[in-house]
Amino acid sequence: MYFRDVIGQEEVKAHLIRSAETSVIPHAQLFTESGGAGAFPLAMAYARYLNCHNRSATDACGQCPSCRKYDELVHPDLHFIFPMVASKEKKKEVCEDYLPKWREFLHGRPYFTIDQWLDEMEAGNSQALIYSKESDEIIRKLSLKIYEADYRVMLVWLPEKMHPVCANKLLKVIEEPPANTLILMVSESPDLVLGTILSRSQRIHVRPIQTEALTAALIDQYKIEPDNARYIARLSAGSYIRAADALSLSEENSFFLEQFKAMMRNSWARNVKGMKAMADALSAIGRERQKNFLAYCQHLIRENFICRFQSLELNYMNRDETSFATNFSPYVNERNVFDLMDELTKAELHISRNVSPKMVFFDLGLRITALIKK
Ligand SMILES: [Zn+2]
């Protein structure tokens, strides 16, 4: 992660670069944010920048031996402490045991959440913590001789998840730091961090990403329309994570809309072959999504029915759905709306009771054929 991978946050970047230039570098720094603003990639980019042999006024070079090792997250003087799920059977007791997974997880992913990391660890419903056992590791790592770096960095992600024994050990290190060692911490709940750690660390508050910067990043990364990007950037209040979630929701939405259109067309045209192909395709998307799709169909039927009583601008549909409704809504009327809703509810029920999805969707297509021409 480089400074250029961090969206916006120009002020924080300038502050960090200035500290590198003046060599006034507090040995314990706590980056705080409310999630999705970029505190972790900022801390990573800073660590890389400090150790780059050929840095420019804005970023690390990406070519020197230090940068190359940072690229692979294998620099011998870069240490990570992060919440994890311990398991004796799986031989996962300290962060070191998760290191390969952790590197893979971070690769090309500047923004992430604890839930994503839990998924990566296949943790089920377990909580992730930084256990007391980790305190020996912290001491061990920092008692090693520095191999080659100008600054040895220990990056602590979410110190609020630290067992008190471990937090106290870290506090000792912060109070009497080994030479040329930086402790960079990234917290989303600083009020839960040990008070004495807080008071001995330089605090760097990372504010939500500026709307303009987030908009530009969404246009660039997702190739979406500027209007849409601006809308999502505002909606997500400066969190890249929330923006990405909103985008994948709207992707799902357009997928469902296409399926709904196809289903209605097949039924209208009595296209049995099409219905069968569709049932095959929908049977592959998983039960949760099948249920979501059927709930979505009910929403569209309801909105298309309501269209006849109010103007299209007052509905709860997005632009694409509204444009489809201009032609489709006349087919949903008082003679079939209740039966259509009934069939969709029944299909949803059958899916949740583990009836074969192929049968459910094929049968649904046939039933809609009988209803749609009423
Ligand atoms: Zn470099």
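Begin by selecting D280, which is partly exposed at a relative accessible area of 32%. Here buried means under 20% relative accessible area, exposed means over 50%, and partly exposed is in between, with a 1.4 Å probe and protein chains only. The model is predicted: local features need pLDDT of at least 70, side-chain atom pairs count only at pLDDT 80 or more, and totals for chains, interfaces and linings use all residues. Residues are numbered from 1 along each chain as its sequence is written, and side-chain values use heavy atoms, with hydrogens and water left out.

**Salt bridges**

The side chains of D280 and K358 meet in a salt bridge, 3.9 Å from N to O. The pair links distant parts of the chain, with D280 in helix 12 (residues 272-283) and K358 in helix 16 (residues 357-372), 78 residues apart. K358 is partly exposed, at 43% relative accessibility. A salt bridge is a side-chain nitrogen of Lys or Arg within 4 Å of a carboxyl oxygen of Asp or Glu, and by this rule the count comes to 20. Helices (H or I, at least four residues) and strands (E, at least two) are DSSP runs, numbered from the N terminus.

Next, select E288 and K291, whose closest N and O atoms are 3.2 Å apart in a salt bridge. Both sit in helix 13 (residues 287-306), three residues apart, and are separated by about one helical turn. E288 is exposed at 53% relative accessible area, whereas K291 is partly exposed at 22%.

R140 and E137 form another salt bridge, with 3.1 Å between the closest N and O atoms. These two are three residues apart in helix 6, again about one helical turn. R140 is partly exposed at 39% relative accessibility, while E137 is buried at 13%.

For a network of salt bridges, select E343, K346, D363 and R367.

**Helix 4**

Move to residues 95-106. A straight helix of twelve residues would span 16 Å at 1.5 Å a residue, but helix 4 spans only 14 Å between its end C-alpha atoms. The expected span is 1.5 Å times one less than the number of residues.

Which residues of helix 4 are buried? They are C95, Y98, L99, W102, F105 and L106. Seen down the axis of helix 4, these fall within an arc of 150°, so they line one face of the helix; the arc is that of the directions from the helix axis to the C-beta atoms. P100 and E104, on the other side, are exposed.

After helix 4 comes G108, whose phi is positive, near 65°.

**Strand 3**

Two strands pair if DSSP finds at least two bridges between them. Strand 2 runs parallel to strand 3, joined by four bridges, and L78 has V153 as its bridge partner. Strand 3 also pairs in the parallel sense with strand 4 (residues 181-187), over six bridges. There, W157 has V186 as its bridge partner. From strand 3 the chain crosses through helix 7 (residues 164-175) to strand 4 in a right-handed β-α-β crossover. Right-handed means that, with the strands pointing away from the viewer, the path from the first strand over the helix to the second runs clockwise.
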